[in-house]
Amino acid sequence: MTATIPTTALHSPVIAWFEAHARDLPWRRPEAGPWGVMVSEFMLQQTPVNRVLPVYEQWLARWPRPADLAADAPGEAVRAWGRLGYPRRALRLHGAAVAITERHGGDVPREHAQLLALPGIGEYTAAAVASFAYGQRHAVLDTNVRRVFARTATGVEYPPNATTAAERRLARALLPEDEDTAARWAAASMELGALVCTAKSPDCGSCPVAGLCAWRLAGKPAHEGPPRRGQTYAGTDRQVRGRLLAVLREAVGAVSQSLLDTVWEEPVQRARALDGLVSDGLVEPLPGLMYRLPAGPAKAGPDASSDASSDPSPEAP
């Protein structure tokens, strides 16, 4: 099913709802600046707002500008990342800070192409920073926005597992022509998905465009596409990696292999997880079977936690 409602019919009610109900989040305040917006976008990928808030505040207090982070070791970024999960994001944010310092005089660039050229930043993050920090006109497609568009415009409960060309075309078609309005629309449609048009329990009674929603008007047909991807944690390599990193974050210096061996009983999985951390640049091996958080340059690598995945999830509910 394709969109049959005038695109402009959605803009005013959603933006008006946003003006009345948007959460007061620190990265939305003027004092956050472009760097604060960028930090929030890295942290909010696949991590709920309530977990991000304390780490975000501590991060900006310690590293208020990209140059401050760039001057520190990448391992300190991993340490400060704490338990946000997907810690490669910390390395990528550090790498971006180094590039901003070296290429742009320490200021987060305004141009979308310059943002996209930074290490660890893909299409979603570049569009989000350009829109939220600089008020530019870009289609910002995270999981929440994709779900709102899938329901209101195409009449299906959930978007595909991976972002499609059709979704990108729809997002561009729904984008207001005016830059300021487009930037507000990007933030408003994302907030609507986070607070009202949620994945499991959409509150259609509170939705400002319920009367226009194709999915609701069709009787809320059940999802018929491929099974939605779920996330598991207990017993996975992710859990083992998290336990290994927790020991290294809490240590003042290097730690021994024997100490790391105590965090997980199964030796093959433990070794695989440790090898993965070393390969990802999150752990640095030293002579004598010792390990520490990285002290040298961070590995650039693809932004697998967000933009290399076609389904980033900032501000997950």
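1. Let's start with helix α2 (residues 33-44) and helix α8 (residues 123-134), whose axes come within 9 Å and cross at roughly 140°. Please keep in mind throughout that this is a predicted model. The crossing of these two helices, α2 and α8, is right-handed. On the α2 side the contact is made by P34, V37, M38, E41 and F42, and on the α8 side by Y124, T125, A128, V129, F132, A133 and Y134. Sorted by class, the residues where α2 meets α8 are 10 nonpolar, 1 polar and 1 charged.

2. Next, have a look at helix α9 (residues 143-154) and helix α11 (residues 179-195). Their axes cross at roughly 85° and come within 7 Å. Because of that angle, α9 counts as roughly perpendicular to α11. If you want to find the contact on screen, pick N144, V145, R147, V148 and F149 in α9, then W185, S189, M190, L192, G193 and A194 in α11. This set holds 7 nonpolar, 3 polar and 1 charged residue.

3. A further helix pair is α13 (residues 237-250) with α15 (residues 267-279), packed at an angle of about 70° with axes 9 Å apart. With that angle, α13 is therefore roughly perpendicular to α15. As for handedness, α13 passes α15 in a right-handed crossing. From α13, the residues D237, V240, R241, L244 and L245 take part, and they meet Q269, R270, R272, A273, L274, G276 and L277 of α15. The contact of α13 with α15 has 6 nonpolar, 2 polar and 4 charged residues.

4. Now to the strands. Three of them form an open sheet in the order β1-β3-β2, and the pairing is antiparallel. The edge strands are β1 (255-256) and β2 (284-286), each pairing on one side only. Between β1 and strand β3 (residues 290-292), the antiparallel pairing runs over 2 bridges.

5. Finally, the charged pairs. How many salt bridges does the count come to? The total is 15 salt bridges, taking a side-chain nitrogen of Lys or Arg within 4 Å of a carboxyl oxygen of Asp or Glu. R62 and D72 form a salt bridge, with their closest N and O atoms 3.5 Å apart. This pair links distant parts of the chain, 10 residues apart: R62 belongs to helix α3 (residues 49-62), while D72 lies in the loop between α4 (66-70) and α5 (74-81).

Methods: Residues are numbered from 1 along each chain as its sequence is written. This is a predicted model: local features need pLDDT of at least 70, side-chain atom pairs count only at pLDDT 80 or more; totals for chains, interfaces and linings use all residues. Side-chain values use heavy atoms; hydrogens and water are left out. Axes are lines fitted to C-alpha atoms, for helices over the stretch in contact, and angles run from 0 to 180 degrees between N-to-C directions. Helices (H or I, at least four residues) and strands (E, at least two) are DSSP runs, numbered from the N terminus. Angles under 35 degrees count as roughly parallel, over 145 as roughly antiparallel, 65 to 115 as roughly perpendicular and the rest as oblique. A crossing is left-handed if the near helix is turned anticlockwise from the far one by less than a right angle, and right-handed if clockwise. Contact means heavy atoms within 4.5 Å. Ala, Val, Leu, Ile, Met, Phe, Trp, Tyr, Cys and Pro count as nonpolar, Asp, Glu, Lys and Arg as charged, and the others, Gly among them, as polar. Two strands pair if DSSP finds at least two bridges between them.
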